[in-house]
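Have the model turned toward you, and we will go from one space to the next.

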Amino acid sequence: MSYYKDGKFDGATAKQAYIDLMAKYKLPVYSWFLEEEGVLWATDFGKGDFEKFGMGGVFWTNEPDGYLGHEIYLLPFQSIPEHCHKPTKDKDGKDIPAKMESWNVKYGYVYGFSEVGEPNLDTEFAFLIPKLSKMQYAELKSKHVEKWTSDGRPHKLPKIETWHFMMAGPEGAVVTETATFHDGAGLRFSVPGCQL
C-alpha cells in the first residue's frame, strides 16, 4: 500500500490503515473519529518514511492544567521518532514542567526504547535494527530495549526529560498513554527536521 500521492503524504490512506488496525483488534471506530477534523490523525513527521517512521492516534484530552489521555496506533514494525520532553513556559510566563508519561499496551505488543538502562539493542534486540528507519538509527540515543506486551502492566518513562520511543511488533499495536500535559513547544526529536 502506498501512503504517498505525487510525492506527498496521503493522510487519508494512512488513517484508513489505522481504522483497519482497529477493526482487526475489534475496537470501535466511533463516528466522531471520522466526522470531526483532527480527532483521528496520522503523521509521517514530515520525513517520507511512514511505514517505518510514523504514528496515528486520538487525543482523548490534553489539559494545560495537568493531564493527557492519548491512544497511540502503530502499524507493524512502525516506530515513533525518538524524542524527549523539556520544560517550557506558557504565554503568561508560568512554568510548564516536562511531560511525564506512562503507557499500557492494549493490543499487540511494542518494543520500548530508552536511553535509561543497559544498552541491549546491538545484542539481544539486534534483529530490530533493520526494521528501524535508517534516519532513526543514525541518530539513536535510546539503546535499551524492552518488549511490552498487552498484559495490563503500565510502563513508565524511567526518568523525566530522557530520550525514548516505541516500535510496534509484527501485528501492529494499540497503546494507551497517560501523561501530564503535552506542550508541543517542549517536544524535541533526535532526527533533525521532524514535524507533526
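**Pockets, a cavity and a buried serine**

With four residues, β12 contributes the most to the lining of the largest pocket. Strands here are DSSP runs of E with at least two residues, numbered from the N terminus. A pocket is found on a 1 Å grid over the protein atoms alone, as an open set of points with protein on both sides within 12 Å along at least five of seven lines, and its lining residues have an atom within 4 Å of a point.

Before going further, please note that this is a predicted model, in which local features need pLDDT of at least 70 and side-chain atom pairs count only at pLDDT 80 or more, while totals for chains, interfaces and linings use all residues. Residues are numbered from 1 along each chain as its sequence is written, and side-chain values use heavy atoms, with hydrogens and water left out.

Back to the largest pocket: its space comes to about 260 Å³, a volume being the space filled by probe spheres set on the grid points, which are joined across faces, edges and corners. It is lined by 20 residues, and Met55, His70, His83, Lys99 and His182 are the closest to its centre. At least two lining residues come from each of β4 (55-63), β5 (67-74), β6 (83-85), β9 (101-114), β12 (164-179) and β13 (187-189). By class, the lining holds 12 nonpolar, five polar and three charged residues; Ala, Val, Leu, Ile, Met, Phe, Trp, Tyr, Cys and Pro count as nonpolar, Asp, Glu, Lys and Arg as charged, and the others, Gly among them, as polar.

The second largest pocket has about 210 Å³ of space. Its lining includes Pro64, Asp65, Gly66, Lys94, Pro97 and Phe181, and divides into four nonpolar, two polar and four charged residues.

What about enclosed space? A cavity is a set of points where a 1.4 Å probe fits but cannot get out, and the largest cavity has a volume of about 30 Å³. Among the residues lining this cavity are His85, Pro97, Lys99, Phe181 and His182.

Finally, look at the loop between β5 and β6, where Ser79 sits. Ser79 counts as buried because its relative accessibility is 0%, buried meaning under 20% relative accessible area with a 1.4 Å probe and protein chains only. Leaving out residues up to four places away in sequence, Ser79 touches Phe53, Leu132, Gln136 and Phe165, among others, where contact means heavy atoms within 4.5 Å.

Notes:
Buried < 20%, exposed > 50% of the residue type's maximum accessible area, 1.4 Å probe, protein only.
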